[in-house]
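Visitor: Could you walk me through this model, step by step?
Guide: Gladly, let us look at it together.

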Amino acid sequence: MPRVRFAPSPTGYLHIGSARTFIFNWLYARRHKGTMILRIDDTDIERNTEESLNSIYEGLGWLELGWDEFYRQSERLELHRKMALAIFEKGLAYRDFTPAQADLEEKEHSEGPWLFNPGMRDMPREESDRRAAAGEPFVLRFRVPRESPATVRFVDAVYGEQTKSTADIEDFALLRSNGMPTYHMASCADDIDLRISHIIRGQDHLSNTFKHLLIFEAAGVEPPQFAHLPLLIAPDGAKLSKRKHGPVVSVTTYRDAGFLPHAYVNFLCLLGWSPKDNREQMSRQELIDAFSFEGINRSNAVVNFKEDDPIDPKALWLNSQHLRTMPVDELAPYVRRTLEEAGLPIPYTEQEFLQTIDVIRTRFSTLRDFVTRGRAYFSDEFPIEPTALEKLNQPGARELLRELGERLEASNEFTEQSVEFELRKLAEERGVKAGLIINAARAVLTGQPVGPSAFAVFVAIGRNRAIQRLRAA
RNA sequence: GGCGCUAUCGUCUAAGGGUUAGGACGGAGCCCUCUCAAGGCUCAAAUACGGGUUCGAAUCCCGUUAGCGCUACCA
């Protein structure tokens, strides 16, 4: 039974890249009847915010993604320290009393890589103990093997065999001078303690993995399997960032744009992964059944947004596909919530509501469309768009609509067929093209120049309201 | 600078020694039509560059270039 985890640090809102990482972990867990763990990596007390934690819950909640176990690293600090100390006692870590460096500039321009601070790595234990006892602050560093340079290796489920010489790995920190564990220490300690079997995370951690392997080895445990994911990047090739790319990176943007949660999950899955059989629109179960590490790509994927439009056209298309093809009764709750949030009434019985949704969704691509382009189906107060007005202002159109209203009122029937019959009969009698009345009717009924078949619109709007709007033309 | 990863249409991707390099989004056009979508049909659009290996390379190897990641007492 695999045990996987998604381990975000609560330092900003839920990033779409993080959401995708969660999804891939979740898919793997569901596929193999494993356990999905949400672990909040909040060891950086300076940067953590409660707000950010809430946005993670909010984002995952919106995407309808759940987890089986939950942990917060800040509540497990004792475990992290204990493991760090155990490594220290084995002689595989040492105290570094060098004060924290404020000037990073110098280091960046140096020729070779920094590996360790001279004098600290080889300090006799007695001196180290004495200075620590005297209260001098220190960081605990991992003692990377240097005497006989070894090669650290592992097989990544996505990137294949990876190797790195210990000569290229610096003596990284395990414990900060304030006693807090670093990311590397906390992460590995928890992965060990929580018996994580597969670490599925962003490719930005690929080179960190060598350090983690050293920690696992020092702790005397078998490392888990690793699967690194290609990154999500901007059209200019840069890493997606809040500062540079704004709303594109936040999942709330897609929620607010009227995306269906599953459609967005589907879209995210297609960024860096493929079922390899040309399928694109897939249900949640289909995604679970098709997911495998073999399908994951190795190159970064571009989120195709523009400066004036944060939505990737393919995401929008996928959303419209789901919106138009999913069972209406599954779609209805989303539409209901969207209407409620916009303060629009639902003047329909449940049955009528489903029928109306089914008619109008054929031209919609987001939930937002129900309250904008679809406003007239729910409220009697709606604007008539300029292009719709042109059709309504065709010579004789308004008179014909009023006449049609009277005839429909006089008729017992009110179906697509009966409306079409009356309308065409009127057109013929008055010697005008049916299209003139049809387009004018759509305009007066919906305020829109375009939309579903006009006869379906009559029925969706309902007899009384339709007649009322025609007579007021 | 050092180390690592990556490179197929504008974008997401398929093909992993032999295909006219396939699909999808987006774009263009045609059909359908009460409008607009949808749908159907068609078109334009790619193997970063240079060397090898091979009868044959998008695919394997080397180099170059470019991008990204790591190189913190961030994660």
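Predicted model: local features only at pLDDT ≥ 70, side-chain atom pairs only at ≥ 80, totals over all residues.

Guide: Residues are numbered from 1 along each chain as its sequence is written, chains are lettered from A and ligands numbered from 1 in the order in which they are written, and side-chain values use heavy atoms, with hydrogens and water left out.

Visitor: Which helix gives the most to the surface near RNA strand B?
Guide: A residue is near the strand if one of its heavy atoms lies within 4 Å of it, and 65 residues surround RNA strand B. Helices (H or I, at least four residues) and strands (E, at least two) are DSSP runs, numbered from the N terminus. Elements that each supply at least two residues include β5 (139-142), α6 (183-193) and α12 (313-325). With four residues, the top contributor is α12.

Visitor: How far is a base nitrogen of RNA strand B from an N or O atom in the side chain of Lys314?
Guide: A polar contact is a pair of N or O atoms within 3.5 Å. For the base nitrogen and the side chain of Lys314, the distance is 2.8 Å.

Visitor: How are α3 and α6 oriented to each other?
Guide: Axes are lines fitted to C-alpha atoms, for helices over the stretch in contact, and angles run from 0 to 180 degrees between N-to-C directions. The axes of α3 (residues 77-89) and α6 come within 9 Å and cross at roughly 100°. Angles of 65 to 115 degrees count as roughly perpendicular, under 35 as roughly parallel, over 145 as roughly antiparallel and the rest as oblique. The two helices are therefore roughly perpendicular.

Visitor: How many nonpolar residues are in the contact of α19 with α20?
Guide: Helix α19 (residues 434-446) packs against α20 (residues 454-461) at about 30°, with axes 10 Å apart, which makes the pair roughly parallel. Contact means heavy atoms within 4.5 Å, and Ile438 and Leu445 are among the α19 residues that meet α20, where Phe455 and Ile461 are among the partners. Ala, Val, Leu, Ile, Met, Phe, Trp, Tyr, Cys and Pro count as nonpolar, Asp, Glu, Lys and Arg as charged, and the others, Gly among them, as polar. Beside one polar and one charged residue, the nonpolar count is eight.

How values were computed:
Polar contact = N/O pair within 3.5 Å; in protein donor to acceptor, adjacent residues only side chain to side chain.
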